[in-house]
Structure formats: C-alpha cells, structure tokens
Amino acid sequence: MFSMKLDNTITAVFSFVIKLLQEQMEHAKISVTPDAVTLTAMNDSMTGLTRLIVGRPSCVEFAYTYDLTVGISLKALAAVLSCCGPTEHVIFTLDKDVLRVETNPCTVFEINLLDLDTEDLTIPDVEPCAVVNTADMTALMKKVSKLDAHKMTLSMVDGAVNVTAVGDLVKRAAFQLPSERTEQQDLRVTVSPRNLAWLGKFGKIQKKFGMSMGENRPLGVHAAVDHLRVDAFLAPMMEDP
C-alpha cells in the first residue's frame, strides 16, 4: 500500500502534466519507491517518451510500505484531476487493484489499475545543454503555426538555439531562441512542428526550461518545480539524404 498527499500548488502542476500526457498517450506506468513516485509513458508510435517524478519532499504526506509498479489510464486520471478544485489538497492511495483519489472536502474517486508490459520504458539520463525562456518558446511556436511548416530543425551553436522551419507555404524560415547555456559543440535535431509544440508545453510549469539533444539522441525538455520534475523526449524525424 502507498499514499501521498499533495498541496494545491504541486497538485496543479501534476494535473497540468497529466493533461498534456493524455493528449498523446493512453497509459502510464507508476513506480513507487521510498523516495519518489515516478510516472512513465510512451505514445503508440513510440516517438514520445515522458517521465514525471514526484519526489518525497514535495509531498505534504508520504506513506510507503513496499515498492510498487502498476499501470493506469491517463484519460481516467486526467478526468479525475479535472474535478479537483484549485485550492484543494489531493490524497492518492494505491491499494490492491485501484488508485483512490481523495479531495478536500471529502470527494473520493477510484480508478482501476492496469497490468502493463512496460519494461522497455527506459528514460535516458541526460543533462540540459541549453536553458530557454518558456515565453520565447511559446512565441516561436505561434509564429511557426502560421507557416504550415512540416519539419523544424534545431541546432545549438554560438550561445543560442537556432531554429529553421521548412514547409510548402514558406520554403524556409529561420529563428533564434536566446539561451543561457549552450554546449560548445554543434548539436542538431529535426522534429515535426506539431510534436515540438506539444513537447514545449511541458516547459510551462516554470518560466524557464532545459533542452537536450545530440547525435542519435531524442530532443528533450526538462522542467522542475520544487521536487517535482518532468523529462519529456521526442524522437527525431528522419532527414532526407
């Protein structure tokens, strides 16, 4: 058995991340250890992979008995969390075959747990090679959405993240995202604008977020609030020879 209680601030961030996940993913694996609860999910096309860690210090209460690994429907969890008020504490309890979610005043939801074959959900341990402002990323994606672009290439060089969008409406558009930290070596990855817009939304939990990329590696977005951390990865598109 396991139980954790989150305050309204962490609950709001947790709910926001779950809502984003269920836009592209159906199920998630929940792993419980003495130090944290980790939720891992992958989309059906195996191009998106996300890890949400709720560290023990970010919980108002944390009751742990033994390690657990279970599956859950993200749609069901998002629906339940949408019923929670903005100022409410939320208590999550894993007991037998259900996840019980309780709010204050006392409202109780129960979600059936799933038996998922998710042993292959391995999250790479990488460090961000750039830190960008969330507002800059949001503004960039609004511009790109008007261009009907079908692919975007991000490269890190000379203290900034250079972004190139290619499409039928506009042959090529070049932008630059200011970065507080950039690796010295040239790094490059190509992704779809739609998937990048989704990935960038995870950065909204903070005013700034980290980005990671590299040769033969996915594009990553990394953001944290207190001891709650999100690592979201997007597989690169295959570029034409």
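The model is predicted: local features need pLDDT of at least 70, side-chain atom pairs count only at pLDDT 80 or more, and totals for chains, interfaces and linings use all residues. Residues are numbered from 1 along each chain as its sequence is written, and side-chain values use heavy atoms, with hydrogens and water left out.

Next comes the geometry. Two packed helices are described by the angle between their axes and the distance between the axes. The crossing of α3 with α4 is left-handed, a term used if the near helix is turned anticlockwise from the far one by less than a right angle (right-handed if clockwise).

**Exercise B. The packing of α1**

Describe how α1 packs against α4 and against α2.

Solution. With α4, the packing angle is about 160 degrees and the axes lie 10 Å apart. That value makes α1 roughly antiparallel to α4, and the crossing of α1 and α4 is left-handed. Phe16, Leu20, Leu21, Glu23 and Gln24 of α1 meet Arg194, Asn195, Trp198 and Lys201 of α4. By class, the residues of this contact are four nonpolar, two polar and three charged.

With helix α2 (residues 74–81), α1 packs at about 140 degrees, and the axes are 9 Å apart. α1 passes α2 in a left-handed crossing. On the α1 side the contact uses Phe14, Ser15, Ile18, Leu21 and Gln22, and on the α2 side Leu74, Lys75, Leu77, Ala78 and Leu81. This contact of α1 with α2 has seven nonpolar, two polar and one charged residues.

**Exercise C. The nonpolar core**

Determine how many residues form the largest nonpolar core and which of them have the most contacts inside it.

Solution. The largest nonpolar core has 73 residues; such a core is a set of buried Ala, Val, Leu, Ile, Met, Phe, Trp, Tyr and Cys residues joined through side-chain atoms within 4.5 Å. Phe14, Ile18, Phe92 and Leu154 have the most contacts inside this core. Helix α1 (residues 8–24) gives the most to it, with seven residues. Leaving aside residues up to four places away in sequence, Phe92 touches Phe2, Ser3, Met4, Leu6, Phe14, Leu77, Leu81, Leu99, Arg100 and Val101.

**Exercise D. Buried or exposed?**

Classify Cys129, Thr40, Asp148 and Asp226 by accessibility, and place each in the chain.

Solution. Buried means under 20% relative accessible area and exposed over 50%, with partly exposed in between (1.4 Å probe, protein chains only).

- Cys129 has a relative accessible area of 3%, so it is buried. Cys129 lies in the loop between β9 (107–112) and β10.
- Thr40, at 5%, is buried. Thr40 lies in strand β3 (residues 36–42), with its C-alpha 5.5 Å from that of Ala28, 12 residues away in sequence.
- Asp148 counts as exposed at 52% relative accessibility. Asp148 lies in the loop between α3 and β11 (149–157) and has a positive phi of about 55 degrees although it is not a glycine.
- Asp226 counts as exposed at 54%. Asp226 is in the loop between β16 (217–225) and β17 (228–234), and its phi is positive, about 55 degrees, although it is not a glycine.

**Exercise E. The surroundings of Val131**

State which strand holds Val131 and which residues Val131 touches.

Solution. Val131 is found in strand β10 (residues 130–133). Not counting residues up to four places away in sequence, Val131 touches Pro178, Ser179, Glu180, Arg181, Lys208, Phe209 and Gly210. Val221, 90 residues from Val131 in sequence, is 9.6 Å from it in space, C-alpha to C-alpha.

Note on methods
Helices (H or I, at least four residues) and strands (E, at least two) are DSSP runs, numbered from the N terminus. Contact means heavy atoms within 4.5 Å. Axes are lines fitted to C-alpha atoms, for helices over the stretch in contact, and angles run from 0 to 180 degrees between N-to-C directions. Angles under 35 degrees count as roughly parallel, over 145 as roughly antiparallel, 65 to 115 as roughly perpendicular and the rest as oblique. Ala, Val, Leu, Ile, Met, Phe, Trp, Tyr, Cys and Pro count as nonpolar, Asp, Glu, Lys and Arg as charged, and the others, Gly among them, as polar.
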